[in-house]
Amino acid sequence: MKALYRIQAIVSKELIQLKRDRMTFGMVIMIPLIQLMLFGFAINTNIRDIPVGVIDQSQTALSRVLVQTVRATQVVKFTQHFYDIESANAAIARGEVRAVLVIPEDVAQRLVRHQAVGLGSPPSTDEETSRPVAQWIVDGSDTMIAAAIKGLRNMPLTELLRLPSNRSTPTFEVALFYNPEQRTVVNIVPGLVGVILTMTMIMFTSAAIVRERERGNLEMLITTPIRSMELMLGKIIPYMFIGMLQVTIILGIGYSLFNVPINGSLAQLFGATLLFIMASLTLGLVISTIAKNQLQSMQMTIFVLLPSILLSGFMFPYEGMPIEAQYIAEALPATHFMRLVRGVILRDVDIIDMSYDVSWLAIFTVIGLIIASLRFKKNLE
Amino acid sequence: MSDTVIRATQLCRHFGSLKAIQNLNFEVERGQIYGFLGPNGCGKTTAIRMLTGLLLPTSGEVEVLGLTLPRDAEKLRLKMGYMTQKFSLYDDLTVKENLQFIAKIYGLSRHEQRSRINELLSTYGLDQRAGQLAGSMSGGQKQRLGLAAATIHKPELLFLDEPTSAVDPENRRDFWEKLFDLSDQGTSIIVSTHYMDEAERCHKLAILETGIKRADGSPDELMRNMGAHVVEVESNNLRQLKQQLTALPEVITAAQLGSRLRVLVSDSCIDPIVFLAQHESLDKQQLHIVRPSLEDVFVTCTGKGRQ
């Protein structure tokens, strides 16, 4: 009873301080707003309008139509003409264009014999008939751009000759669930909840104990009857509400502005988010008991934040990472939350069915609280 | 229960190779105001932190209010108040919010809280400023707030670490009035200071230098037993006279006070007036024996170990 009373004292003190600290309070609202706008509009993995050049050695009507057909895919945008390979290579090296389409002199000849055109001649293994129509020289250093251009390798050429397209039957039928339009933002917004919470929650609490120490309040606090665990709980409870407020902002805007649906139940979402918020807050508290000043606590926050963005599955699929990186990712609360939140929001999964991630976050929180309480000594040794 | 509230025996504290406190022995009785007097860095704060359980002694024993430290440090928390050297309440909370926070931490009920806070606000002259942010107050006001917060739970024992270092003399006087009120009500108070006038108000004090207790007792005892005569010399050429006097082995120190020179002569010489008159061919009219001050005590018992 006395313990609850003391926790409540810390909570209300934190809330008053937060209310007076306009800057921090502004950040609570502005960080999710601005980041959501930035990432929601900016991040797009469907690449379009890559700047490319062309070397047209044939200079015929056909080659010009070929260029227009390629342009019509919207994958690339022709910005420059070159007359020799050297100047094209130099332009790629300078980064002016990402690729160059080389159309050979005999493009017409190659085209009519090309099997994709399907002029009736039987497929042949003959060297001459199996030659490609033209060549792409690509700056392959960016794998996403290279992949986008590689995607053009088998583009249909039937339109070129005003033939009806005779679509071949694909080997596999693909049914896209949950995000049939393949909009990147559908995957980004739920992930952003994890990134923003990691950032703000760890940042706020990592400064919590350090700030009291820097301002000299801690020397007074440790001579009072408050216990470590009470202080720790009192420090994280106000931020749980802040975290929920941020989640509401992100998902609300995601829904209204970017049309990201919330397929799962709100209660499930609430449960998963609360678990993650508590895990992040206790991680911040542990940092706070290690750091000597606010600068150090900020550095440690960044140290956790970067892998949380890059390894958690927010940017790149978890499955694509080498096994060692997966181990590191497993240790981060953000990874487990990414799975949970995407599961609930996009796939309407029951978090009970994802008990591995749920229990991992819960255990992380409990252990973190214990470590922080043990590390926080009520003396000046 | 005995009337001794603090008993320290052979207390030592080392920080690496630095010996902050060496073999400190002392006792404090109930209701006493006990002072630690010493220059900066002499170990006053370290001593207080060990008595409050914030620092562990390297060796030696401390018993505070019948509790053995550091084992019973948590039990002591409810019975003691501690006012740190630097203002340690929250600058971004108002006076009243600060007191409410501390009251809740000490577990005062809602009713007790209200009456106790109102009582403290009027006792310490803060009722006009209850809604003001603590950070925007003057040094004297902050210090009164600090004392109010430290006594909110009516502790038996109060530790004050250089409470008046940021306060003007008038505020310091008022502050001490409050301390005597508390002492009168039975609160024992430990105070550290480097001001002589403040030390002189203590019932009993210990003079600390480089972690060693040089002397202790009531200010009167200390002055009586300091082992030196105090002579004031009125003369011209005081700077030169000072040089000559301090060269004599019987003279402990000499300090100029405006147009007079205050000379401490060891009590190994029976009649300091005659002694000084002979040595420096001064007229006896120019020499007066005066009452020793605490500063004289401080100077005679320290300085030997100073580098």
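This is a predicted model: local features need pLDDT of at least 70, side-chain atom pairs count only at pLDDT 80 or more; totals for chains, interfaces and linings use all residues.
Residues are numbered from 1 along each chain as its sequence is written, and chains are lettered from A in the order in which they are written. Local features need pLDDT of at least 70, side-chain atom pairs count only at pLDDT 80 or more, totals for chains, interfaces and linings use all residues, and side-chain values use heavy atoms, with hydrogens and water left out.

The contact (heavy atoms within 4.5 Å) involves 32 residues from chain B and 28 residues from chain A. Between them the chains bury about 2700 Å², 57% of it on carbon and sulfur atoms; buried area is the accessible area (1.4 Å probe) that two parts lose on being put together, summed over both. Tyr90(B), Lys104(B) and Ile105(B) supply 24% of the area that chain B buries against chain A, more than any other three residues.

Three salt bridges (a side-chain nitrogen of Lys or Arg within 4 Å of a carboxyl oxygen of Asp or Glu) are counted between chain B and chain A. One of them joins the side chains of Arg49(B) and Glu219(A), at 3.0 Å from N to O.

Strands pair if DSSP finds at least two bridges between them. Eight bridges join E1 (residues 4–15) of chain B to the antiparallel E2(B), where Leu24(B) is the bridge partner of Leu11(B).

Methods. Helices (H or I, at least four residues) and strands (E, at least two) are DSSP runs, numbered from the N terminus.
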